[in-house]
Amino acid sequence: MSEQNKSMDPQESQNKPKKKKRRGSLGKKIAIFFVYFLLIAGLAVGGGGLYIASEMIKDAPEISLNDFEGLESSQIYDQDGILITELGAYLRENITYEDMPNSLIDAFVAIEDSRYFEHPGFDVPRFAKAALENLKSKSFGQGGSTFTMQLVKNTYFQVDDLENSTIAEKSVDRKVQEIWTALKLEKQIDKKQIFQLYLNKLNFGGNIRGVQKAAQYYFGKDAKDLSLGESALLAGIINRPNAYNPYENLDYATNRRNTVLDMMVYHGYITEMEADLAKSIRVEDLLVGEDYTVSESGGPYQAYVDAVIEEVKQITGKDPALTPMKVYTNMDRTVQEQIDAIQKGENIEYPDELMQIAIVSMNNQTGEIRGLGGGRNYSGARLLNRAISQFKQPGSAVKPFLSYALAFEHLGWATDHVITDRPIVYRGTKKVINNFDGQYRGDVTLQQAVGQSLNTPAIQTLQEVIDTIGRSKVVDYLQSLGFSQVNNDNFDTGYAIGGSSFQASATEMASAHAAMVNGGRYVKPHTISRIEFNDGTADYVADHDGKQVISEEAAYMSSTLMQYCVEGPYFNYMQVLKRSYPVYAKTGTTDWGKDGLRFGIPEGAAKDKWMIASTSQTTNVVWVGYDKGVKDEGTYFNNAKSKLNIPGQICELLLDANYDEADPPKALTRPDGVENITHIIGTFPYASLDGVDPSLSTTGLIKKEYNNLVSPWGNSEQKLESTVSGYIDEWGGLTINWGGYRGDLPANQKEISLSQGDIYVYAVGQKLFDWNWILGNPYYYAKVYLNGNLYHEVSSDQPTYYDWVEGGGSVKVCGYYVYSTGLHSEEQCVTVR
């Protein structure tokens, strides 16, 4: 037979004792009169009893029905609407009287307040019996409480503490006020409402409040589905919630359940047979297990939950632990469980205990964060969630969306544009900028510059962008990508390599990269999709529309550079990301500089490593590094640690968690505004191959509006720069030097000197193109002026010429060069000293 007492065999139903009435007004007025009389008479010691009683009740609380509503806990759900966790000092979910099964109502009435549906809120016989016991023990204010009185006590006279759940002032005054308030409450609402409020407010052990949450916690079901035995167990727990908790004291809980069942038989709610059947089921077989309810701190998915809490506060200005609400999030359990495993070191072997991580996995199109990693062994406490609250230098991971995306947008560059990797200094300083390996490579395409993460091309590119559109527009662009720490006061060209004062969180890096693979559209990253407030106030729904921050064409071209990082011929730790589908990735590294010397860290050793791996659908960001330097603890990346490629290992796991190889993400769709351009490599404006050796050609992508070629043989639109300098020695000898954008190498010479001005740095790099390879050697011309008058004209087939100037005064030289085809540079004049 089913344990539910709602459904019974018809024959057995005939033998079942008739249940007691739950309602009635038998002698109600007489009972109330008797209560007042008993109260006054019992408390009057000598004369003035009435005065004493009135003094006792004058401080009784004013009733507000809202006070009796137990504050519900907030629920947080994953993307599939499955509960992740609950928040609040107590876990509570209120239900109605109609949601409570008969077995539950009968069990509570039988064991706690058998005349509940008959008395007016104060049970005279029960109170009188308790009063006698109190007199014997000389302890007043205890016992004899009805459901109504307990509800009043739990609302106005009790401090509900997790460790001491029934701390209350015990006095005759308090008991009188409790009775008085209970009588008033019974006049305002009916018995069902009081019973409903009472069961929703009860302490069922630990942080479980209310019968609905207790049913879920102990049995994994709603209260409306409770069986007879389960109802009896819950009715028994509330007398001593922690002592009768079956997870803690199974024997005590079992005995208490059986006592409740016996009382239900005694009061005629069930038969002996029903009670025996319910007792035959072991309590431990009813329990769902303690892990059913996730604790607020340190539980599964805690990094994600903490991010949700912070986001709720930002959106609503309310704390979900204090204001009941339902929060529906974008968490993907598969992705988050993989991240949790990474944080615990279950699938990654870390070289030391101090190495930390931050992880973000988000949807490009919607900004929905699918998973978060706040750090290794993340335990909550909300002190530092590294995914959302830690700001670090992003290093070279910014190059695709900063220098090169803006060059495609505003400079008209193609993806195969050539720039010279050479020694340079920050403008206005003498600080030489180095690449990660201290080497310079000469002419490189943008694919090589990004694939090998070269620094000087990125800085030169950003400087040219700034010279073209102004620094404030670059700052505006970075702010539109979500970088909260960037402003006009701290921005400089060092941002091109993620250095200087550039600080970014993992979440900000995710959204910036996501904008590139999302057609230049930025969507603010968010964990929350919807919020529903329990008090009926307006709901919140996340905005997925975003805003266009750069053209679709420039974003696509930037993404192709990141695809080349993975699929190109360079060893850059990103080859581990190769899949059957395109992956768009970039790494970044920052170093300690001299700051680490005091910790025993070699100068320039790496402290942070980033890897961002995107597909057409999601972006995964991984930061690995050290929160701070620790003396002699190796808090930096040596060669051995770098070779482990921990960022790459983590990105691999994230890609696998996000996708099934059987249903891989598609490649990005090329915009109509992006075209192929084939031109002579190393030229700009890009020169056509008209009559030129095809081996000097290259093909790249370019925005349609910039797809214009010039003739290699010269025309009015093509202007070659000329650089002329000179000096006069102490004997009057004049040396003239021509330089600039011209051919000055023999056809078989593929290397050039890369020295930097008056800063002595010597390097040799490759030359991809020189004009004399197709035009021949130019002739160099100059006019020399002495004191404003033409002194003489000179010509030379070499870029250096030596002459004499007799007499003192001001000397000016104006020079240019000319090819045999007629192509020539513009004249430039300088004053020679």
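**Close-ups of a predicted model**

**View 1. D437 and R441 pair up in a salt bridge.** Their closest N and O atoms are 2.5 Å apart; a salt bridge here is a side-chain nitrogen of Lys or Arg within 4 Å of a carboxyl oxygen of Asp or Glu. D437 is partly exposed at 31% relative accessible area, while R441 is buried at 18% (buried is under 20%, exposed over 50%, partly exposed in between, with a 1.4 Å probe and protein chains only). This is a predicted model, where local features need pLDDT of at least 70, side-chain atom pairs count only at pLDDT 80 or more, and totals for chains, interfaces and linings use all residues. Residues are numbered from 1 along each chain as its sequence is written, and side-chain values use heavy atoms, with hydrogens and water left out.

**View 2. K703 and E409 meet in a salt bridge at 3.0 Å, N to O.** The pair ties together distant parts of the chain, 294 residues apart: K703 sits in strand β20 (residues 697–703) and E409 in helix α16 (residues 400–411). Helices (H or I, at least four residues) and strands (E, at least two) are DSSP runs, numbered from the N terminus. K703 is buried, at 6% relative accessible area, and E409 counts as buried too, at 16%.

**View 3. E112 and R256 form another salt bridge, at 3.9 Å, N to O.** Here helix α4 (residues 102–112) supplies E112 and helix α11 (residues 250–266) supplies R256, 144 residues apart. E112 is buried at 8%, and R256 is buried at 14%.
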